[in-house]
Amino acid sequence: MTFLTMNQNKYNVGIMSTGVYVGERIITNEDLEKISDTTDKWIYDHTGIRERRIADENMATSDMLIRAGKMALEQGGIHPEQIDLVIVATLTPDNIDPATSALVQAKLGLKNAFSFDMNVGSCPSSVYALITGAQFIMNGQCKHVLVLMGDMISKLINWNDRNSNYFFGDAAGAYLLGQAAYGKGLVAYHLGTDGTGYESINIHSGGSRNPCTHESLDQRLNCVKINGKKVKEFAVPTLCSAVNEVLQATGIKLEDVGLIIPHQANLRLIEEAARILECPFDKIYVNIEKYGNTGAASVPLALHEAIKSNKVKQGQRIILVSFGAGYQWGSACIEWCAAEDFLK
Amino acid sequence: MKFVSDIGIKALGIHEPVSAISINDARIRENINEEVINYMGIKEVHVACKDEHPCDMAVSAAQKAIESARISPDQIDIVIYTNTFLPEYPMWADYSHIQDRLGIKNAYSFKINQSCNSQLLALDYARSKLYMDSGIRNVLVVSSERWDYNYINRFISAGSCFYGDGASAAIISKGISERKIIDMDFYTDGSYAGLHYIPTGGTKHAPDYNSIDNQLYRFEPRITCKQHLDTREAKDRFWRLIIDNNIKLLDRMLEKHKLGYCDIKKLITYNMSKKVVKSISERTGKDLSETSFYIAEQYGHIGSTDICFNLYKMIQDEMVQPGDLVAVISAGFGFSWGVGIIQI
């Protein structure tokens, strides 16, 4: 479904600042060659990934989210007590119960906020969580919303499995959302789910169907399984249609867009989508080479880097696109705000 | 009394597992003492059969709600799923699976988690979306819980309720003249995130042989709470706070709408012990018979499904009448609190 938000609602919404955290340990393709039957060439040729970051063994997802959140608050110049809502989007919570957001809220000192977790697969959540956070500002319920997205899939990977060990990295990202002036910020968004892809990512053991046992650990059923082939088939057309949907809703042309920041799933898929969209590749921000697929953090991490390298400019229209297992997808067109565009 | 809102609950559906266990039967088997049975007041809980998992129950409840709303699945634009305790698999797109099984083609779906408060939050999200986006017609909110014996003892693990299995669903729509959602409000305090949790199974402690041997994948609030609530006074203080925060939210909302306790005909609370529900009713000048507790007696606490489950039952039982204002009240681990006012 596609929605035009600009000037339709009580308030407009913009991203005031971003924050990130990436795992500190670097695992290169050469490192993976030593523990599984794979090669640097195969991984790079098929995915564009050279290395990925892994968080310290003693960390949990919340530790990464807190670091990203602190950075966003600092950069946005907003005191923790000014935050009205914190949303955590992750597929890899600290604990099965309770919500990770509760812990994050306490550790960030967000005393006046309420909090909840969102589960939208992993990769698609960066746009879903953005739109959900924006909703609470658009309806006037909140002034400042902190959206935290991150996954620590390294703890759920069978590192000896060549079919899944090269793909993911650990990271977290944050958007600090605020009320934007009339005509600024989020312009339109598009969200969709195709339920036939519900099993495209799965951990088979540890739920009500298959409790975790010694046998299930022996068989590594506690590790992530992805149907990569199916997700790839879905990814390229979905990425293209998600971009086209928001373009159509806003009535702007691709040449009017400053930058597209897609989910960093696979460089080859992004290249293929750029070809179909007839989009010059320098208009697409890519950083997958350094981080791999960081799931929920992928888009905010790329956006953060794009901002820091001055690729995102005030007044420019940018498109964020996420997609992944589920199958789910989302895109958002944002007119990038300057600091003075936010209401005090 | 008239309210401007025309957003409300178009239809409800529930799923109650056929099998039930009486607390009298459980008392001997689980060695539950008389004092506990008395303050709980819960007499029976329904229990899902071996192959009746959360999504199965969610689909059953949702189908009934869709049928009752006399809409086709294609008229649903958003599916919001809540399942607080335990999904079928620790990582999979269950919300997407539910969407697929219901044949809902044009929607997007996701899952939110604010523990047992999640359904109330989902109702508020739906209300907000319908209010803000003119393109949204119907939102399906569906909740389901199964307290699997492998992970919890539904009778003795928690000290504040006996847990029952089941599901409830609601279709939230515009242009509604009955069951109007007047308002909702939430409060979370993450400083209690360490009280109730499953030690292993997330990124904090990934499952291993040791955690299986020591049953650390089990939910045992009585054990995890001990270090925080080690004295009678600490426990009493904590439970007072649980009630206080709900009352504070309710008072704030009533004041906002220029209402008093006397305007509220019934309290629909989460299905906690008689002691908790009675405390809430006494603080609002209501008799226990003016609450939903009679449903808690028969079904126990069904996690995040309670509010719509109880609302459905109270409408069926003619315990509420068209035009009545009811307060909905729930709380969840983490901790989170939610209240709302619905005009029947």
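## Interface between the chains

In this predicted model, 70 residues of chain A are in contact with 68 residues of chain B. The size of an interface is often given as the accessible area lost when the parts come together. Here chain A and chain B bury about 5900 Å² between them, and 57% of that area is on carbon and sulfur atoms. On the side of chain B, the three residues B:M91, B:M132 and B:T203 supply 14% of the area that this chain buries against chain A, more than any other three residues.

## Confidence

The model as a whole has an ipTM of 0.93 and a pTM of 0.95. For chain A the average pLDDT is 92, and 98% of the residues score at least 70. For chain B the mean pLDDT is 93, with 99% of its residues at 70 or more.

Within chain A, the element with the lowest mean pLDDT is strand β1 (residues 2–4), at 69. The highest mean among the elements of chain A belongs to helix α10 (residues 298–308), at 98.

## Helix packing across the interface

Two packed helices are described by the angle between their axes and the distance between the axes. Helix α5 of chain A (residues 125–138) packs against helix α5 of chain B (residues 118–132) at an angle of about 70°, and the two axes are 10 Å apart. Because of that angle, α5(A) is roughly perpendicular to α5(B); the range counted as roughly perpendicular is 65 to 115 degrees. The crossing of α5(A) past α5(B) is left-handed.

From α5(A), the residues in this contact are A:I131, A:T132, A:Q135, A:F136 and A:M138. They meet B:D124, B:Y125, B:S128, B:K129 and B:M132 of α5(B). Sorted by class, the contact of α5(A) with α5(B) holds five nonpolar, three polar and two charged residues. B:M132 is also one of the three residues named above for the area that chain B buries against chain A.

## Helix packing within chain A

Helix α7 (residues 228–250) and helix α8 (residues 267–277) of chain A cross at roughly 45°, and their axes come within 9 Å. The angle therefore makes α7(A) oblique to α8(A). This crossing of α7(A) and α8(A) is right-handed.

On α7(A) the contact is made by A:K232, A:A235, A:V236, A:L239, A:C240, A:V243 and A:N244. On α8(A) it is made by A:L269, A:E272, A:A273, A:I276 and A:L277. The residues of the contact between α7(A) and α8(A) divide into nine nonpolar, one polar and two charged.

## Helix packing within chain B

In chain B, helix α8 (residues 232–256) and helix α9 (residues 274–283) pack with their axes 10 Å apart and at an angle of about 50°. That angle is why α8(B) is oblique to α9(B). The crossing of α8(B) and α9(B) is right-handed.

The residues B:R232, B:W239, B:I243, B:D244 and B:I247 of α8(B) meet B:K275, B:V276, B:S279, B:I280 and B:R283 of α9(B). By class, five residues of the contact of α8(B) with α9(B) are nonpolar, one is polar and four are charged.

## Backbone features in loops

A cis peptide bond runs from A:G326 to A:Y327, with omega near -20°. A:Y327 is in the loop between β13 (317–324) and β14 (328–335) of chain A. In chain B, the peptide bond that joins B:G334 and B:F335 is cis, and omega is about 5°. B:F335 is placed in the loop between β10 (325–332) and β11 (336–343) of chain B.

B:Q215 is not a glycine, yet its phi is positive, at about 55°. This residue, B:Q215, lies in the loop between α6 (209–213) and α7 (221–224) of chain B.

Key. Residues are numbered from 1 along each chain as its sequence is written. Chains are lettered from A and ligands numbered from 1 in the order in which they are written. This is a predicted model: local features need pLDDT of at least 70, side-chain atom pairs count only at pLDDT 80 or more; totals for chains, interfaces and linings use all residues. Side-chain values use heavy atoms; hydrogens and water are left out. Axes are lines fitted to C-alpha atoms, for helices over the stretch in contact, and angles run from 0 to 180 degrees between N-to-C directions. Helices (H or I, at least four residues) and strands (E, at least two) are DSSP runs, numbered from the N terminus. Angles under 35 degrees count as roughly parallel, over 145 as roughly antiparallel, 65 to 115 as roughly perpendicular and the rest as oblique. A crossing is left-handed if the near helix is turned anticlockwise from the far one by less than a right angle, and right-handed if clockwise. Contact means heavy atoms within 4.5 Å. Ala, Val, Leu, Ile, Met, Phe, Trp, Tyr, Cys and Pro count as nonpolar, Asp, Glu, Lys and Arg as charged, and the others, Gly among them, as polar. pLDDT is the predictor's confidence in each residue, from 0 to 100. Buried area is the accessible area (1.4 Å probe) that two parts lose on being put together, summed over both.
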